Amino acid sequence: MADDGYDEEIAVLRAARDTLAGFDAEGAGAIRRAGELDAVREELRLCAARLSGDPELKDVLDRLLLTDRALASAQKAGRRHRRMPLTRPLSHMRFAFSLGSSQGGVVWVLSKLTGEPLPESGCPVKPAPEAARDRAPDPSRD
């Protein structure tokens, strides 16, 4: 799928990725800028509309739809953050989760359109310490 004339869409997706990364880099204060996600959502919708003519890109369109829903959820968390002070910690969690989901969606679509491999995860699986692996289970805990 790489280089199928989707240069404009790839540029839009890269700009969206960079914008979302700016939210991520800002940390907990980014939730106050949740209203700015409207522009990203609109750009992604236009990108999906331009890509909808290609039947081979159904999985890409599905992922863009999920990304749009994640961004809508992030905006909703931002509104709740302002409106309900007692649930602000939950709003931060919902915002971060939704923002991360949307970032992953944009990166996945970019990898499909450009043919580039997906980046490595930032959370490698840590092996169990050797002492824990060698230790026999405690029979008194049964």
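Analyst: The secondary structure of the chain amounts to 5 helices and 0 strands, where helices (H or I, at least four residues) and strands (E, at least two) are DSSP runs numbered from the N terminus. This is a predicted model, in which local features need pLDDT of at least 70 and side-chain atom pairs count only at pLDDT 80 or more, while totals for chains, interfaces and linings use all residues. Residues are numbered from 1 along each chain as its sequence is written, and side-chain values use heavy atoms, with hydrogens and water left out. Read along the sequence, the pattern is α-α-α-α-α.

User: In which helix is the confidence of the chain lowest, and in which is it highest?

Analyst: The pLDDT is the predictor's confidence in each residue, from 0 to 100, and the chain averages 83, with 81% of the residues at 70 or above. The lowest confidence falls in helix H5 (residues 130-134), with a mean of 55, and the highest, at 93, in helix H2 (residues 37-51).

User: What share of the 142 residues counts as buried?

Analyst: Buried means under 20% relative accessible area, exposed means over 50%, and partly exposed lies in between, with a 1.4 Å probe and protein chains only. By that criterion, the buried share of the 142 residues in the chain is 32%.

User: Which two residues make up the aromatic pair, and what is its geometry?

Analyst: Rings of Phe, Tyr and Trp (its six-membered ring) pair if their centres lie within 6.5 Å, and planes under 30 degrees apart count as stacked, over 60 as edge-to-face and the rest as tilted. The count under this rule is 1 aromatic pair. The ring centres are 6.5 Å apart and the planes stand at 55°, so the pair of Phe23 and Phe95 is tilted.

User: Which residue lies over the face of Phe23, and which one sits over the ring of Trp108?

Analyst: A charge sits over a ring if NZ of Lys or CZ of Arg is within 6 Å of the ring centre and within 35 degrees of the ring normal. Over the face of Phe23, at 4.2 Å from the ring centre, lies Arg33. Over the ring of Trp108, at 4.2 Å from its centre, sits the charged end of Arg63.

User: How many salt bridges are there, and which residue does Arg50 meet?

Analyst: A salt bridge is a side-chain nitrogen of Lys or Arg within 4 Å of a carboxyl oxygen of Asp or Glu, and the count by this rule is 9. Arg50, which is partly exposed at 37% relative accessibility, has a salt-bridge N to O distance of 3.4 Å to its partner, Glu8. This pair links distant parts of the chain, 42 residues apart, with Arg50 in helix H2 and Glu8 in helix H1.

User: Why are Arg45 and Glu42 separated by about one helical turn, and which residues does their network join?

Analyst: Arg45 and Glu42 form a salt bridge whose closest N and O atoms are 3.7 Å apart. The separation is about one helical turn because Arg45 and Glu42 are 3 residues apart in helix H2. Salt bridges that share partners give one network, joining Arg41, Glu42, Arg45 and Asp68.

User: What distance separates the C-alpha atoms of Leu66 and Gly105, and what is it for Asp7 and Leu113?

Analyst: Leu66, in helix H3 (residues 58-83), is partly exposed at 48% relative accessibility, and its C-alpha atom is separated by 7.4 Å from that of Gly105, 39 residues apart along the chain. Asp7 belongs to helix H1 and is exposed, at 56% relative accessible area. Asp7 and Leu113 are 106 residues apart in sequence, and their C-alpha to C-alpha distance is 9.2 Å.

User: Which residues make the nonpolar surface patch of about 330 Å²?

Analyst: Patches are made of residues with over 30% relative accessible area and no salt bridge, where like charges are joined within 9 Å and nonpolar side chains (Val, Leu, Ile, Met, Phe, Trp, Tyr) within 5 Å. Accessible areas come from the Shrake-Rupley method with a 1.4 Å probe, and for residues only the protein chains shown count as cover. Phe97, in helix H4 (residues 88-114), is exposed at 60% relative accessible area. The residues that make the patch are Leu90, Met93 and Phe97.
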